[in-house]
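Work through the two exercises below with the sequence and the model at hand, and try each task before reading its solution.

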Amino acid sequence: MALAPTGPAAACDRVVKTYRTATESVTALADVSVQVPRGRVTCVVGPSGSGKSSLLRLLACVDSPDSGSVTVGGERVDHLGARGRRRLRRRQVSYLFQRPGDNLLPYLTAVEQVRLAADLRGARVDDDQVQQLLARLGLAHRADHHPVQLSGGEQQRLAVACGVVGGPALVVADEPTAELDTAAAVRVLGAMESLAADGVGFVVSSHDPRVMAIADGFVRLDQGRLV
Ligand SMILES: Nc1ncnc2c1ncn2[C@@H]1O[C@H](COP(=O)(O)OP(=O)(O)OP(=O)(O)O)[C@@H](O)[C@H]1O
């Protein structure tokens with residue numbers, strides 16, 4: 001029997017991230033250390049420009065820090081080049097965009113989206129598992145529907161299904177409820193909460209009190225520093 005992975009889903013230690021343009025240099029993250037535990041929802045909060053997206057981009061292996069370390073699924077990623085990050089990202093990280101439609105391919109049905117996400121992650125998932133996951137997210141009756149036939153909330157729940165299928169270490173979500181009404185947001189958050197319990201770590205940037213209400217832990221940033 002395979003042992004369940006241990007250690008945090010992701011972590012960064014004393015990371016610094018500075019953006020340089022022709023005219024200025026902005027330190028978006030200064031000496032930031034964070035742990036995203038498995039099985040939990042961690043919420044990143046802070047005013048506009050405080051570094052939330054920069055932190056998510058490092059944890060999602062989209063970007064690398066100037067200094068400090070980043071670990072995802074137990075692997076150091078800060079020293080990897082773009083190709084190495086892409087490879088690790090495919091297996092270990094999902095990224096959920098704010099706009100539900102941006103997370104899905106318009107020409108695939110719900111079942112096909114989940115299967116494709118599993119395939120890209122190199123995971124073996126049979127039809128029953130896909131159906132069970134969709135049922136768990138209240139999407140059993142939508143299995144053969146395309147995104148255009150789904151509400152925004154259903155699309156976002158489907159995106160969550162794609163995000164967790166195949167067992168990545170980390171799901172990164174940037175304002176995942178910003179485009180949803182309260183009823184839809186509550187169902188998406190319920191799905192995230194329940195799926196986190198299976199062992200994936202969710203890290204969510206949000207100003208939404210509904211997200212904060214389900215968070216197990218917080219990362220508070222101000223001007224690129226933990227507060
Ligand atoms: N590509 C970039 N080039 C230059 N500066 C950048 C770049 N990306 C972000 N910044 C700057 O880094 C700082 C942190 O930005 P970041 O987007 O991480 O903050 P945020 O907390 O996510 O903001 P918001 O809530 O408005 O999305 C800001 O001062 C921003 O202007």
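**Exercise 1.** Find what covers the buried residues of helix H4, and work out on which side of H4 these residues lie.

*Solution.* What covers the buried residues of H4 includes helix H3 (110–120) and helix H5 (152–164), where two residues are in contact if their C-beta atoms, placed from the backbone, lie within 7 Å. Helices here are DSSP runs of H or I with at least four residues, and strands are runs of E with at least two, numbered from the N terminus. This is a predicted model, in which local features need pLDDT of at least 70 and side-chain atom pairs count only at pLDDT 80 or more, while totals for chains, interfaces and linings use all residues. Residues are numbered from 1 along each chain as its sequence is written.

Next, list the buried residues of H4 (residues 127–136), which are Val-130, Leu-133 and Leu-134; buried means that 20 or more other C-beta atoms lie within 10 Å of a residue's own, exposed that 12 or fewer do, with C-beta atoms placed from the backbone. Because they cover an arc of only 100° around the axis (taken from the directions from the helix axis to the C-beta atoms), they sit on the same side of H4. On the other side of H4, Asp-128 and Ala-135 are exposed.

**Exercise 2.** Determine which element gives the largest share of the shell around the ligand.

*Solution.* Begin with the residues around the ligand, among them Tyr-19, Val-26, Gly-49 and Lys-52; a residue is near a molecule if its C-beta atom, placed from the backbone, lies within 6 Å of it. Strand E2 (25–36) and helix H1 (52–59) are the elements that give two or more residues to this shell, and the largest share, three residues, comes from H1.
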